[in-house]
Amino acid sequence: MVVTNNKGVPLMSQFFKTVYFPDYPAESSGKRNIKIAFGKSDREVFKAVKPLANQDLRDLLGFESFVDLQGAATDAGLTVNAFCVQHLRKACITEAISQSPLPGFEEFGPKIDPIQATFRGGKGEPLHQWYPYLEGYSPDFVENIVESYAPQAKYIHDPFSGAGTTPLTVARLGRSASYCELNPLLQYLTTAKIEAHSISVKKREQVVRDLNEIADKLDEILPQQEPDYELRQAYEPAFGKSLFFDDNNFEQVLRLRTLIDEMTYTEPLVGRLLTVTAISALIPSSRLIRRGDLRFRNAKELKRFNCNFTTKVRDLIHMVVADLKHISPFAIPPVLLTSDARDLMKLPQQKFDAVVTSPPYLNGTNYFRNTKVELWFLRCLSSRKDLSRFRYNAITSGINDVTVGKTSNPTTASVEKLVSKLSDEAYDARIPKMVESYFYDMAIVVDGLKYQCSPQAPVIIDIGDSAYSGIHVDTPTLLAEIFEDRGFHLHHEVTLRRRLSRSGHELRQVLLAFKSARRSNSHKKAKKLTFFEQWKDFKQNLPHQKQPYAKRNWGSALHSICSYQGKMKPSLAHHLVGTFVPDGGSILDPFAGVGTIPFEAALMGMKSYAFDVSPAAFAICAAKLQNSTLKTCQSLIKQLAEYIDKFVLAKDDLSAVASFGFNGRIIDYFHKDTFREIMAARSFFGSISPNCPGRNMVLSCMLHILHGNRPYALSRRSHPITPFSPTGETEYRSLIEKLRQKVHRCFDTVLPDQYEPGKCFFQDATENWPNEVGELDAIITSPPFFDSTRFYLANWMRLWFCGWNDVDFKTRPQGFVDERQKHDFAVYEAVFRQSRERLRTGGVMVMHLGKSSKCDMAERLTEISQRWFNVVDLFLESVVHCESHGIRDKGTVSDHSYLVLA
């Protein structure tokens, strides 16, 4: 603080600013700060840093840890105070610019503080510090822009949302907001903030209690968790031999991943917020450091490195809890429209009233490489190819984004001239290509904004320029030309900051304010519905209800590799695929179950993808799509036989399942010797990677013979689809003998010459989809019917064999769509958004849905889908005549709806 007289004149020769460091040696947290003293000569520096919050000041100093700060001061031969003042003096000389009045408000309106145009301008506002995304700007900056340029706008969009500052600020102002963001990490962060704002006060109080309890008991809870196997397995394919963590922190990271997964099933928001603290703690507790780009710590930084992952997470939980106490519910939560802003033209017209955004700067920053560790933790990165795909899909703004496969052409004469000059003088041949591709990509975005904006909607862009090989790349001016070529009018231009490049060129950060052109629909061609005539014929004839397709056993015998309640008739899948997918086309089923739809597509020579979140369904679906060999399966059965011979059933393992079961105890289904073999097989398959050749085929056969009413079954007499309470005498049945017979029967089935192997992913359709799934001709799916079969109960014995225990049955189903949709059909928003993104132009989405007296799914999903699709048709088929196959509980479905979207 500084003492002044009644006129505000300082009475002291020094000025003081305190900054908090969590690791500063002090008895209480209230004393963990240092006091920085400024002399008279640094009065302007003091004035510049005086309003900054602790986090902002630590960012400006460049140190989160007092130990690191103290070490750097010692290395420089200075006291901590002198080092801080020197550092802040340089920072202020580099960054400080006088405030710029907004056009039209020079005399009486608000001003833009330059620091608000950076992440440091957040001033410790709630949620802003959850993740240090330094490329962002502050909420105050967005609020000033909205109030100055779009005071009447009801619907505001940000096509480059980053960590979500614009949509969150717009929602806080009580307006509708939507956004685009390609990086799954930033999508996740934004979703977490939106969900935190969208719950009731009562629910928030419960979340705060849960988080506090986790923080208090984290040291006790974490050692009890098993390290996440999947995450560990993905590390080396993603990062090679690079060691980002010490062994202790790495184990803590893997154990916390497991804890988060378990928490997410029962308390999704608690799990999501805990994930936020985890991803924010990853880099501080690693051997890496962010200094512009992500890099390994140097020798001095590594010597001072001493951050425990668990301790960091606990501190961050306390920060999140403190923020939760100071936020209010959103009246209108923001919506993620599409990941890639270049896909805006694919959507139905949204009618944005305003656009506020900051596109990627043309500065070489690799946004995906800088967040690769966090993407790995979120399971979005499991190989080096994944990182390459992210870069390929991004706006070309860095040298590493330049690839041979990307399309680009000069967009304006000025860009063409600049690219030619760079081609002659740039030190790297990729630089001119980067510049050309950047403006080509941005032109596609501008086309989308022109289509989506209401007439005269303000479009506000925060953008900076750059320099390469001594050549100035005036990005704001070149971008303005692209906007104006598309009918936008440049209304205002404001310089927010000036700085010098490393080569001494003066660079600037600029605010560009446009007015959108009057919207014209003439440039968007109507989609050609190539499937229209075939669909018309399907509705008239319903071929799957006629012979020979009406037979229960029509189609490939591999459809029956394992019995499964609720699967679609193969003949229906066959005709839907034939109707909507062109010859040699590609298809995805995001709710694939045991793979009836994608397998029919594979049999017809089409490229097929499938998702399912059930480990049993995944194995069965993958078995059909992988085309394994008999020799491989025989080898696996031999290994299993050897494993069974050596297996000893421990008393603890037996007691753990003694009372488990739903239609009777599981141990009552089998002879005791058969059950020992089953327990051994369960352990064996649990130790094998899902990618092991033949694993899914043998496992699927094993799941089929677990229970049934025929000689193939290992159990006493029971139902082959749902394990009803067993009857009859107990007798020993050899697992290996029955399994070998089943596998050989499967390989008696001959696949057609045109069969095309597909790929099944163990994937929740509501989470981020794998990068390799794209350019689809069709998405055909039948999600779980509302209030119908509970698949986890119908398949309880198979799920148990795949590793579930009694706790899993109480928690995991709460994360399944069939349970979540009972609370809110908004769970399908992510499905529709990603479907729209992954479909090629002219692609179609077809949903086979149930209709009952309790719920018309098609009606509900039509409403949800309207941001992303237009309804082509809605067709109703009565199913009251369908067989029950001996299962009484068919649910309440009386009709099937076909919702066709394009």
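Colleague: Why is Thr-475 called buried?

Modeller: Thr-475 has 0% relative accessibility. Buried means under 20% relative accessible area, exposed means over 50%, and partly exposed is in between, with a 1.4 Å probe and protein chains only. So Thr-475 counts as buried. A word on the basis: this is a predicted model, where local features need pLDDT of at least 70, side-chain atom pairs count only at pLDDT 80 or more, and totals for chains, interfaces and linings use all residues. Residues are numbered from 1 along each chain as its sequence is written, and side-chain values use heavy atoms, with hydrogens and water left out.

Colleague: Which residues is Thr-475 in contact with, leaving aside neighbours within four places in sequence?

Modeller: Leu-362, Tyr-438, Phe-439, Ile-463, Gly-464, Asp-465 and Ser-466. Contact means heavy atoms within 4.5 Å. Thr-475 itself lies in helix H18, residues 475-485. Helices (H or I, at least four residues) and strands (E, at least two) are DSSP runs, numbered from the N terminus.

Colleague: What makes Ala-426 buried or exposed?

Modeller: Its relative accessibility is 18%. The cut-off for buried is under 20%. Therefore Ala-426 counts as buried. Ala-426 sits in the loop between helix H16 (413-425) and helix H17 (430-452). Beyond four places in sequence, Ala-426 touches Ile-431, Pro-432 and Ser-469.

Colleague: Why is Ser-469 called partly exposed?

Modeller: Ser-469 is at 30% relative accessibility, so it counts as partly exposed. Ser-469 belongs to the loop between strand E12 (466-468) and strand E13 (471-473).

Colleague: What is the phi of Ser-469?

Modeller: Positive, about 55°, although Ser-469 is not a glycine. Most residues other than glycine have a negative phi, and most peptide bonds are trans.

Colleague: How do you know that Glu-775 counts as partly exposed?

Modeller: Glu-775 has 49% relative accessibility. Exposed requires over 50%. So Glu-775 counts as partly exposed. Glu-775 also has a positive phi, about 50°, and is not a glycine. Its place is the loop between strand E18 (759-762) and strand E19 (776-781).

Colleague: What makes the peptide bond from Gln-547 to Pro-548 cis?

Modeller: Its omega is near 5°. Pro-548 is in the loop between helix H19 (532-541) and helix H20 (570-580).

Colleague: What caps the N-terminal end of H3?

Modeller: Ser-65 does, with a side-chain oxygen 3.2 Å from the backbone nitrogen of Val-67. Just after H3, Gly-77 has a positive phi of about 75°.

Notes:
Polar contact = N/O pair within 3.5 Å; in protein donor to acceptor, adjacent residues only side chain to side chain.
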